[in-house]
Amino acid sequence: MQRYFIYLAYDGTNYHGWQIQPNGISVQECLMNALSTFLRREIEVVGAGRTDAGVHASLMVAHFDYDEPLDTESVADKLNRLLPPDISVYRVCRVRPEAHARFDATARTYKYYVTTAKYPFNRQYRCRVYSPLDYERMNEAAKVLSEYTDFTSFSKLHTDVKTNICHITHAEWTREEDATWVFTIRADRFLRNMVRAIVGTLIEVGRGKLSIEGFRRIIEQKDRCKAGTSAPGQALFLVNVEYPDTIFLSPTHTFNS
């Protein structure tokens, strides 16, 4: 069996998240259906993670197995013809048989967009706030994240993960346009709802309703009920998934969205 990685992007507006759901269409289901149609057999697809309903990805990675050699360029082209217009495959590449899109990922990066402007074409991709935020204080609070590894306070309750330990290597707000700021966060792994919960809590800091020490105490209490409300999903993007070079069979595997 040969294992392949698929690099893809999707607009999550019309989907119930990445993972197959009993009550709605998912990105994973669409990708599996397209692959199964093209290869004329049932194909299972495993993603690098799961994004919630309405969340987007400018770069997601998934893997599948096939027992015959495939022309990877042809596969990418054919999948793009079969997939709906809001899902796009960048490329397909060969990897080692034991490579795993989820477990071999060494880092993932998300971006969250906040704006004070009312702009109709961005309503599905930005979180609108109605008063200015103190981004300097929000960045002070964001720096605190790298001092901790247990993020139970920012995790969705009753998930099936074995640990809430994550290592955050970057967390920062930067200005993108006059009215738009973006929060970029990179870690080895993320918990369910973690980024949206962090953003929602940082916004409380930016509004002056929560101090830096209060933000620190929320992390230390390891209680989701103490953190802020999760920020809306439509402004969140998965933008990168990183892997060690050793799992790739092609020397030209590197890819940036």
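This is a predicted model: local features need pLDDT of at least 70, side-chain atom pairs count only at pLDDT 80 or more; totals for chains, interfaces and linings use all residues.
## Helices α1 and α2

Two packed helices are described by the angle between their axes and the distance between the axes. Helix α1 spans residues 27–39 and helix α2 spans residues 72–82. Their axes lie 9 Å apart and meet at an angle of about 120 degrees. That angle makes α1 oblique to α2. The crossing of α1 past α2 is right-handed.

On the α1 side, the contact is made by Ala34, Leu35, Thr37 and Phe38. On the α2 side, Ser74, Val75, Lys78, Leu79 and Leu82 take part. Sorted by class, this contact of α1 with α2 has six nonpolar residues, two polar residues and one charged residue.

## Helices α3 and α5

Helix α3 (residues 135–144) packs with helix α5 (residues 212–221) at an angle of about 30 degrees, and their axes are 9 Å apart. Because angles under 35 degrees count as roughly parallel, α3 is roughly parallel to α5. These two helices cross in a right-handed way.

From α3, the residues Arg137, Glu140, Ala141 and Val144 meet Ile212, Phe215, Arg216 and Ile219 of α5. The contact of α3 with α5 has five nonpolar and three charged residues, with no polar ones.

## Helices α4 and α5

Helix α5 also packs with α4, at an angle of about 155 degrees and with the axes 10 Å apart. The two helices are therefore roughly antiparallel to each other, since angles over 145 degrees count as such. The crossing of α4 and α5 is right-handed.

In this contact, Thr201, Leu202 and Val205 of α4 meet Ile212, Phe215 and Ile218 of α5. Five of the contact residues are nonpolar, one is polar and none is charged.

## The largest pocket

Rolling a probe the size of a water molecule over the atoms shows where empty space is left. The largest pocket holds about 720 Å³ of space. Its lining consists of 30 residues, and those nearest its centre are Ala48, Gly49, Arg50, Arg102 and Phe190.

By class, the lining of the largest pocket divides into 14 nonpolar, seven polar and nine charged residues.

## The second largest pocket

The second largest pocket contains about 160 Å³ of space. Residues that line this pocket include His16, Gly17, Trp18, Gln19, Ile20, Gln21 and Asn23. Arg50, Thr51, Asp52, Ala53 and Arg192 also belong to the lining. Its residues divide into three nonpolar, six polar and three charged.

## The cavity

The structure holds one cavity of 30 Å³ or more. The volume of the largest cavity is about 40 Å³. Ala48, Gly49, Arg50, Thr51, Met60, Arg108, Tyr110 and Leu238 line this cavity. By class, the lining has four nonpolar, two polar and two charged residues.

Note on methods
Residues are numbered from 1 along each chain as its sequence is written. Side-chain values use heavy atoms; hydrogens and water are left out. Axes are lines fitted to C-alpha atoms, for helices over the stretch in contact, and angles run from 0 to 180 degrees between N-to-C directions. Helices (H or I, at least four residues) and strands (E, at least two) are DSSP runs, numbered from the N terminus. Angles under 35 degrees count as roughly parallel, over 145 as roughly antiparallel, 65 to 115 as roughly perpendicular and the rest as oblique. A crossing is left-handed if the near helix is turned anticlockwise from the far one by less than a right angle, and right-handed if clockwise. Contact means heavy atoms within 4.5 Å. Ala, Val, Leu, Ile, Met, Phe, Trp, Tyr, Cys and Pro count as nonpolar, Asp, Glu, Lys and Arg as charged, and the others, Gly among them, as polar. On a 1 Å grid over the protein atoms alone, a cavity is a set of points where a 1.4 Å probe fits but cannot get out, and a pocket is an open set with protein on both sides within 12 Å along at least five of seven lines; lining residues have an atom within 4 Å of a point. Grid points are joined across faces, edges and corners, and a volume is the space filled by probe spheres set on the points.
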